[in-house]
Amino acid sequence: MPTATIAAVGSSELGKTDLPGRDLFSAALAEAFEGGPDPADVVDAVYVGNQSESYENQIMYGTLLAEWAGLRNVPAERVEACAAAGALALKNAVRDVRTGVHDAVLACGVEKMTAGGTEGATNALSAAFERALEQRSGITAPSQYAMLAQRYCHDFDVSEADLAEIAVKNHSNAADNPRAMFQREIDTEQVLESDYVAPPLKLFDCAPVTDGAAAVLIANEDVASEFGLGGAGDDAATDADPDTDADTVAVTGSSVMVNNLAVAERDLTFVEGAQIAANEAYDQAGVEAADVDVAEVHDAFTVCEALLAEAAGFAPEGTGVESAMEPEDRSEGWTDVRINTSGGLKARGHAIGATGLLQAVEAVEQLTGQAGDRQVEGAETALLINEGGLADAATAAHLLEAR
Ligand code: COA
C-alpha cells in the first residue's frame, strides 16, 4: 500500500478579510506550491471542505477551486460535515493515495464566514443541528456547547476559571504563531470578565468567526519527494529544531466516525465517536495515546478541548481541563502531550471548512521542526481531531508521523 505522505501545505491569512473564498484558496495554494511543480502537472483529484453556501451564495466549490488551481478534467468535489469538512477532505485524499487510485490529491478547505457578520454565521452554523426540535427552539452553536460545559463543570467540579485557562494557554500559543488570527496573549481575568455568550461560556471561551483557507497535498512517496514541505517557508526552516529534523510527514492513521445529531440523545461529557476514531487511527499507525507528542483538537469552545483530551486517551475522565497545565503539574494518568500549539480554533481561528486542514498545517510545522517559538522539542507524532456538528456528530481523527 502506498504511504499517504504530506507533500505540501499552505494557508491563507486568517481573520476578517476583504478577500472572497476563491482568493483565500489561491493564497493557500500558492504557499503550498511555492518552489514546487505546477499544480496542473501533479494534482490528480481535488476535495474541498466547505461548510455553507450561505456565506457567498456559492456552491460547485469542487469545480471552482479546481479551475482556480489551473486544473481541467480532474475529479473534484465539495465535502461537508460542518466544521469537520476539512478533515473529511483530508480523509478522502489519504484514502485515494493509499489505495493507489491517485498519486497526488489536493485536500483543501475554505470558508468566508464574515460575509454575513456574526448573525449570518450563527444562522449558517445552526443548520448543523437537528431541525425538527432543536433548530425550532432557537439553539445556536454556543448554546449547544454551553449545555456540555454546564454538565462537565457540574459532574467534575470544574470551574469557569479552569476553563478560562484553556483559552489563556491557546492565546499564548497563538501569540507565537504567525498564521494565527489573534496573535495576542490574554489573562484569566480578561476571560472571566468577558461577556457571557451562553453561560458558562463567555466571549473568550468561544472560537471566533473567521475567513480563511488551507491546502494540503497528499501524495505517494515518489510524488512527495518532488516537494520540500514548502508550506513552512525558508525563514522557518532556518529556525528548525535539530531534534526534529524530519523532512517527510506520513499520515499513518485516518478515521471518520459519525454519532448522532440531537443533543437530547447523547452523553454530554463523553465524546464516544472521538474516542473510537482516535483509537482506530492509533491502531492503523501502531501507536498508543501516550506516544503522541502534539495534538490539534477541536477547541471550538474551551470545554471541547477538555472533552477531547479525555476521548483521545490523553487524560483520565474529568481531568481534561488540565490540558492548560505543564505536563509535570497534571494529574496522574495524563500523558505529556502538548495540545493546540497553533493556538487552536480559539485563537488561531476557526474558518469552518478549512479548520481540519489548518490542524494538519500546524502538525507538519511541529513534526518538521519549523514551528519557531512554539516548537515542541523532539515532536515526532501528532494527532488531529476535527469535529462537525455538536461534539461527535461527525469526528475525523488523523495520526501523523515524522519520517
Ligand atoms: N474570541 C476573542 N475575541 C473575539 C472573539 C472570540 N471568539 N470573537 C470576537 N472577538 C473580538 C473581536 O476581535 C472584536 O474585538 P475588537 O473590538 O478589539 O475589534 C470584539 O471581540 C467584538 O467582535 P464581534 O465580531 O463584534 O463579536 P460578536 O459578539 O459579534 O461575536 C461570538 C462573538 C463569540 C458570538 C462569535 O465569535 C461566535 O459566534 N463564535 C462562535 C463561532 C462558532 O460557533 N463556530 C462554530 C463552532 S463548531
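Trainee: Which residues come nearest to the ligand, of those around it?

Mentor: Before that, two notes on reading. This is a predicted model, in which local features need pLDDT of at least 70, side-chain atom pairs count only at pLDDT 80 or more, and totals for chains, interfaces and linings use all residues. Residues are numbered from 1 along each chain as its sequence is written. Now, a residue is near a molecule if its C-beta atom, placed from the backbone, lies within 6 Å of it. Around the ligand there are 15 residues, and T118, A141, C206, P208 and A300 come nearest. Two or more residues each come from α5 (117–126) and α6 (141–156), with α5 giving the largest share, three.

Trainee: What is the make-up of that shell by class?

Mentor: Ala, Val, Leu, Ile, Met, Phe, Trp, Tyr, Cys and Pro count as nonpolar, Asp, Glu, Lys and Arg as charged, and the others, Gly among them, as polar. Here the shell has twelve nonpolar, three polar and no charged residues.

Trainee: Which residues touch the most other members of the largest nonpolar core?

Mentor: Such a core is a set of buried Ala, Val, Leu, Ile, Met, Phe, Trp, Tyr and Cys residues joined through C-beta atoms within 7 Å. Buried means 20 or more other C-beta atoms within 10 Å of a residue's own; 12 or fewer is exposed, and in between is partly exposed. In the largest core, of 144 residues, the answer is C108 and I218. Helix α4 (residues 85–98) gives this core its largest share, eight residues. Helices (H or I, at least four residues) and strands (E, at least two) are DSSP runs, numbered from the N terminus.

Trainee: Is W334 buried or exposed?

Mentor: W334 counts as buried because it has 20 C-beta neighbours inside 10 Å. Its place is the loop between α12 (302–311) and β10 (338–339). Contact means C-beta atoms, placed from the backbone, within 7 Å. Beyond four places in sequence, W334 contacts F314, A315, T319, E322 and P327.

Trainee: Where does pLDDT stay under 50?

Mentor: pLDDT is the predictor's confidence in each residue, from 0 to 100. The chain averages 95, but pLDDT stays under 50 over residues 230–239. Helix α10 (residues 233–238) has the lowest mean among the elements, 42, while strand β9 (residues 294–296) has the highest, 99. Where pLDDT is low, the predicted coordinates should not be read in detail.

Key
Contact = placed C-beta atoms within 7 Å.
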